[in-house]
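Reader: I would like to learn how to read a helix and a ligand site. Can we take them in turn?

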Amino acid sequence: MDLTYPLEAEAFRIEIRAWLEENLPNGWFDEGFEFSREERAAFNTTWTEKLYGGGWICASWPTEYGGKGLSTMESVVLNEEFARASAPLRADFFGDTLVGPTILQWGSEEQKQDFLPKILSGQISWCQGFSEPEAGSDLAGLKTRAELDGDEWVISGQKVWTTQAGFADYIFLLARTDPNVSKHAGISYLHVPMKQPGVEVRPITQVDGSAEFYEVFFDNARCPKENVVGGVNNGWKVAMTTLGFERGTSATTGYRRFEKELEIITDKARANAKIDDPNVRQGLAHAWSKVQIMRINGLRSLSAVVQGKKDLGVAALGATNKMYWSEYHRDVMELAIDIMGMDGQILTGSPDDEETVPGYGPRRGNAGYPVSVLQASFFFSRSETIWGGTAQIQRNIVGERVLGLPKEPKP
Ligand SMILES: Cc1cc2nc3c(=O)[nH]c(=O)nc-3n(C[C@H](O)[C@H](O)[C@H](O)COP(=O)(O)OP(=O)(O)OC[C@H]3O[C@@H](n4cnc5c(N)ncnc54)[C@H](O)[C@@H]3O)c2cc1C
């Protein structure tokens, strides 16, 4: 396998490195570099502006919509260099990663002109209104309705587990617009403003006291008729595009956060005198092998894209990868808690900690429930086999669509 990149891509790498060195805070690349609380706050507020100024947010988007029109290889190099520098490369996850690319693929020219610049500049933030109390894995069973009233859609129903709904400006929402056709055929994909009288948002408080997702209730909420993306009753196809973006990780850099985290876990095993325990050694070696498999699979996905391969095996790489990394992470975090021993059972973080979780940015948890970095990662790993489609559903996709296994019986 030839793993060298084209010369142009390597030239672009030098450009990105120079930009990062010039724009990241002094000392960023030094061993043991740490922010004070004030410095971190200042960095968080100015970094998105710098990224925007450099044109690096969504740089693969076409230039007419504010991107740099980067080629696949250039985008890969950009992601690699930011990951290598541990520098954040986004304004808003839902905007940059999910809704923006979906608008590029399915949106009307007016929607592209209207929404894309606001996503790039971080002017509007988004949340994802797919799941409902009785429609998660069986997403097409959703019941939220949208009916046309003159020039507006009128929306009623309920969504659940809606991350960021407490402060998002818009929700990209699936609603039933034709109840008289098969369940997949009568769904539309709408952009609905969140700050209006017909939308009520209630936080779902988790055991640690934090509330990162919400229930959202729609009672005759409204949005303009033209806010439907990809055509009326065509929402299922549009939603599958969004879910494809959600399940895919950045092919050649997705493994890096796990690699960094595994170093922390291995250090912890050394510090706790567990590094000579044969079970721990075996667990760590197993985890390391899996991270390398992720790296190699990433290169496989990249080759497939560069060579324009579109067979079903390639199409299912997103499902395979999502299942693989999320199950890996759940297992390795169980190993980490074992390695922590008694420290894993008590709250060892400090309410004032400014630690970061590799790949996630600031540590999760809150002052009332001060978990350590590894404990926070352990808790979050439990959700990763669920969000964006559960591991079981990914297996169904691979089994039925790629391996051609018989469809599972309907209940
Ligand atoms: C941290 C987090 C953030 C989230 N954020 C959002 C968000 O922003 N917006 C949003 O819309 N949703 C969000 N979700 C919801 C998420 O998409 C759903 O939880 C997920 O799709 C599963 O649906 P469910 O919870 O209804 O479980 P169910 O569908 O009820 O599944 C329950 C169990 O049954 C299994 N199961 C169900 N059907 C099958 C089948 N056919 N074959 C085999 N096994 C099956 C599942 O794998 C699972 O183990 C989030 C979830 C989490 C955990």
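Reader: How many residues does helix 6 have, and what does it span?

Author: Helices here are DSSP runs of H or I with at least four residues, and strands are runs of E with at least two, numbered from the N terminus. The expected span of a helix is 1.5 Å times one less than its number of residues. Helix 6, residues 235-247, has 13 residues and reaches 18 Å from first C-alpha to last, close to the expected 18 Å. This is a predicted model, in which local features need pLDDT of at least 70 and side-chain atom pairs count only at pLDDT 80 or more, while totals for chains, interfaces and linings use all residues. Residues are numbered from 1 along each chain as its sequence is written, and side-chain values use heavy atoms, with hydrogens and water left out.

Reader: Which residues of helix 6 are buried?

Author: Buried means under 20% relative accessible area, exposed over 50%, and partly exposed in between, with a 1.4 Å probe and protein chains only. In helix 6 the buried residues include Val 238, Ala 239, Leu 243 and Arg 247.

Reader: Which residues come nearest to the ligand?

Author: A residue is near a molecule if one of its heavy atoms lies within 4 Å of it. Of the 18 residues around the ligand, the nearest are Gln 128, Ser 131, Ser 137, Trp 161 and Thr 390. Strand 3 (152-163) and helix 12 each supply at least two residues of this shell.

Reader: Which polar atom of Gln 128 is 2.8 Å from the ligand?

Author: A polar contact is a pair of N or O atoms within 3.5 Å. A polar backbone atom of Gln 128 lies 2.8 Å from a ligand nitrogen.

Technical notes. A polar contact is a pair of N or O atoms within 3.5 Å; within protein, one must be able to donate a hydrogen and the other to accept it, and residues adjacent in sequence count only if both atoms are side-chain atoms.
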